[in-house]
Amino acid sequence: MSGGVEKTETVGALILAESSHRRQGAEDRDMFVPMAHILGSTVIKRQIRTLKKAGITRILVVARPEHVILERHLAHLAVGLCFCGEEPVRQGFCRLSECSQVILVPGDLPFFQPETLDLLLEAEGEIKIPFLDGQRGGLAVLDTEGWKALPEDKREDRGTETLRLPAERKETRVSVRDEGVTLFLREPEDIRRLEEYARRQKETRELNFQMKLMLGKQEDFFGPGIADFLVRIGQTGSILAACQEMHMSYSKGWKLVNKVEEELGFPFLIRRNGGKGGGSSTLTPEGEAFIRRYYAFSQDLNRMAENFFEQYFGDFL
């Protein structure tokens, strides 16, 4: 738990899990942003994890009926879940009516910090908004009077950036040093920018973990190193070039490939010798399929490990 005001059941959080964006690809379908993956965790799990780090235990997720996928995704996280087609903010605040302050979190804001929540909760005011260098952040903290002060047409805004009090009410602007309050996931190209931010943040953690997936029989023969090597062969069309990129001897490269093929019983490379342009090597369909399975398995294990790491060591982060 972070420092600051003591958190009790009188502080709640309302996550508006409604955001979506267009996914790039052949089908060009909508992607449900709260379920989007960023470095091994979904947006909504990151939000819940941050709220809990700040000591917030009363968390309600509001989503549309078609987003029932959230029910299974959040089943083990001890949060409330409300499906409603109309008036999601109003219904959310009604369910959190016993809370003296409610943190309003849009579904497309994954990287706000626990310390920012402390600052907002400690500040005076009916509606409190974080500002980073003059830029309005995506969070809002409302107390009971602040919610009542909102005009009817503003109580159903899907985000928090447009929340405004009537002229006779004052909005409290809280200065923060948290870039995360301005980093939204709204376009497919935002994912790379957010992943870069997440990597920078992870480097500053006091504690982190690393996993290395190795496959073997009586001894290990397939891991991240050989997987990367084979991918490089496929990209360059040359074992020699892949060896040079990985600062590996040519003979060692051949030994690794031969070992994998011997253990698995099928070829990974199609070799073409000689010719005017010299020899070349390409991945076999079986080899490509095996590498894809390896990376998919590794990613799934890391997602699971991220959750368990948070469960067992979250208070060290």
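Contacts (heavy atoms within 4.5 Å) between residues 24 or more positions apart make up 62% of those in the protein chain with a separation of 6 or more. The model is a predicted one, in which local features need pLDDT of at least 70 and side-chain atom pairs count only at pLDDT 80 or more, while totals for chains, interfaces and linings use all residues. Residues are numbered from 1 along each chain as its sequence is written, and side-chain values use heavy atoms, with hydrogens and water left out.

The chain holds 10 helices and 16 strands, taken as DSSP runs numbered from the N terminus (helices H or I, at least four residues; strands E, at least two). Of its 317 residues, 46% are buried, that is, under 20% relative accessible area with a 1.4 Å probe and protein chains only; exposed is over 50%, and partly exposed lies in between.

As for helix packing, the axes of α7 (residues 224-236) and α9 (residues 250-264) come within 11 Å and cross at roughly 105°. Axes here are lines fitted to C-alpha atoms, for helices over the stretch in contact, with angles running from 0 to 180 degrees between N-to-C directions. That puts α7 roughly perpendicular to α9 (65 to 115 degrees; under 35 is roughly parallel, over 145 roughly antiparallel, the rest oblique). On the α7 side, I226, F229, L230 and I233 make the contact, meeting G253, L256, V257 and V260 of α9.
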